[in-house]
Amino acid sequence: MKILYFCHTGVHTALVGAGIHLGLMPADRLPENKEIYQLPYFDGLSSGEVGTPFYLGSDQKGYEVFVFGVNHEQEVYSKAIKDVLDIYGFGPDQYLLVDVLKCNNRLISIGGWFSLVPGWNHLGRTMAVRGLKTAYPQIKAEVARVKAQLH
Amino acid sequence: MRIVYHCYGGSHSSVTAASIHLGYLPNDRIPSYKDFMELPLYEKQDKPDHGHLRLMGIDDYGNEIYIVGRRNQAKSFKLAIAGIASIFGITEKDLYLADTMPYVNWKMMLGGFLSRRWRWINLGRPIVIKGTQASFLDIANMVQSVKMQVASNEKLRS
């Protein structure tokens, strides 16, 4: 089974969610800034690459975990992905799309976009990390819900 | 092979391209207002339909032809769909995404917006059709390129 976490860019909220899922992020405390920076692909995208899915790893049950970005069209992308996979015979028992945008706050949204703009990366990154730490409990809860659904 | 023509709303340029591909529109003249309005899905889709793939038909080579309205950000849409498809082993030899937005002129944008977004159909529809007629030959050329590319992919596969 493939777990597909998505957010606006794929390399902020979705990445932290996927990181929690895979045990790359702490389960019992807030992460330090460097733990977020050290996530593979964190903030490592240009605006022209949003949409590209990245493989993060497999969890304890062998489920493959990916992240990708949907800009501001989460409904459109979700529908299209489901329809494409359905056409090729892949059903909901073979993948799970996880929308972590519900965990977003303004700092993540604004910082995430600025971080993709040349010259504004540092400011954007700082804002995004601050926002992600604030949202961390919600992201953790969402991952817990996903894992409970998978068992 | 499945070919997906995509545009902003899935109501005009993608439908026109798919219809040309399938022979639903004449290839020896510019289609009339009536020709366009008789097409399945032309001027039909609204916001709730965006994202859904719609099967328009099967071409002479057995390829399934779809359309989808994907709003803005064509590039990231293509990256996401093609990227996730490839995760499941669906390659570009199985799924071809064709963006028809480069062939959309201002009349199509204005008319489409007035008709689909604001529901000023009596005003918007004639404008969008005029625009589609003006762009028809360019869209037809694009479809021809898609057909050639798909045929070339099929040759490489076999």
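This is a predicted model: local features need pLDDT of at least 70, side-chain atom pairs count only at pLDDT 80 or more; totals for chains, interfaces and linings use all residues.
**Group meeting: salt bridges, rings and the A–B contact**

Over all chains, the structure has 16 salt bridges.

Over to chain A. A:Glu64 pairs with A:Lys2 in a salt bridge, and here the closest N and O atoms are 2.5 Å apart. A:Glu64 sits in strand E3 of chain A and A:Lys2 in strand E1 of chain A, so this pair ties together parts 62 residues apart in sequence. Buried or exposed, what about A:Lys2? With 15% relative accessibility, A:Lys2 counts as buried, while A:Glu64 is partly exposed at 26%.

Now the interface. How many residues of chain A are in contact with chain B? It's 25, and they meet 27 residues of chain B. The two chains bury about 2300 Å² between them, with 72% of that on carbon and sulfur atoms. Between chain A and chain B, the count is one salt bridge, and B:Arg71 and A:Glu73 make it through their side chains, at 2.6 Å from N to O. We also get eleven residue pairs in polar contact between the chains, both partners at pLDDT 80 or more. On the chain A side, strand E1 (2-7), strand E3 (64-69) and helix H3 (74-87) each give two or more residues. H3(A) has the largest share, with nine residues. By class, that side has 15 nonpolar, five polar and five charged residues.

Last topic, the rings. Searching the whole structure gives eleven aromatic pairs over all chains. Take A:Tyr55 and A:Phe66: the ring centres are 5.3 Å apart and the planes are at 55°, so that's a tilted pair. A:Tyr55 is in strand E2 (residues 54-58) of chain A and A:Phe66 in strand E3 of chain A, so the pair ties together parts eleven residues apart in sequence. A:Phe66 is buried, at 6% relative accessibility, whereas A:Tyr55 is partly exposed at 40%. And one cluster to look at on screen: ring pairs link A:Phe90, A:Tyr95 and B:Phe88.

Methods
Residues are numbered from 1 along each chain as its sequence is written. Chains are lettered from A and ligands numbered from 1 in the order in which they are written. Side-chain values use heavy atoms; hydrogens and water are left out. Contact means heavy atoms within 4.5 Å. Buried area is the accessible area (1.4 Å probe) that two parts lose on being put together, summed over both. A salt bridge is a side-chain nitrogen of Lys or Arg within 4 Å of a carboxyl oxygen of Asp or Glu. A polar contact is a pair of N or O atoms within 3.5 Å; within protein, one must be able to donate a hydrogen and the other to accept it, and residues adjacent in sequence count only if both atoms are side-chain atoms. Helices (H or I, at least four residues) and strands (E, at least two) are DSSP runs, numbered from the N terminus. Ala, Val, Leu, Ile, Met, Phe, Trp, Tyr, Cys and Pro count as nonpolar, Asp, Glu, Lys and Arg as charged, and the others, Gly among them, as polar. Rings of Phe, Tyr and Trp (its six-membered ring) pair if their centres lie within 6.5 Å; planes under 30 degrees apart count as stacked, over 60 as edge-to-face and the rest as tilted. Buried means under 20% relative accessible area, exposed over 50%, partly exposed in between (1.4 Å probe, protein chains only).
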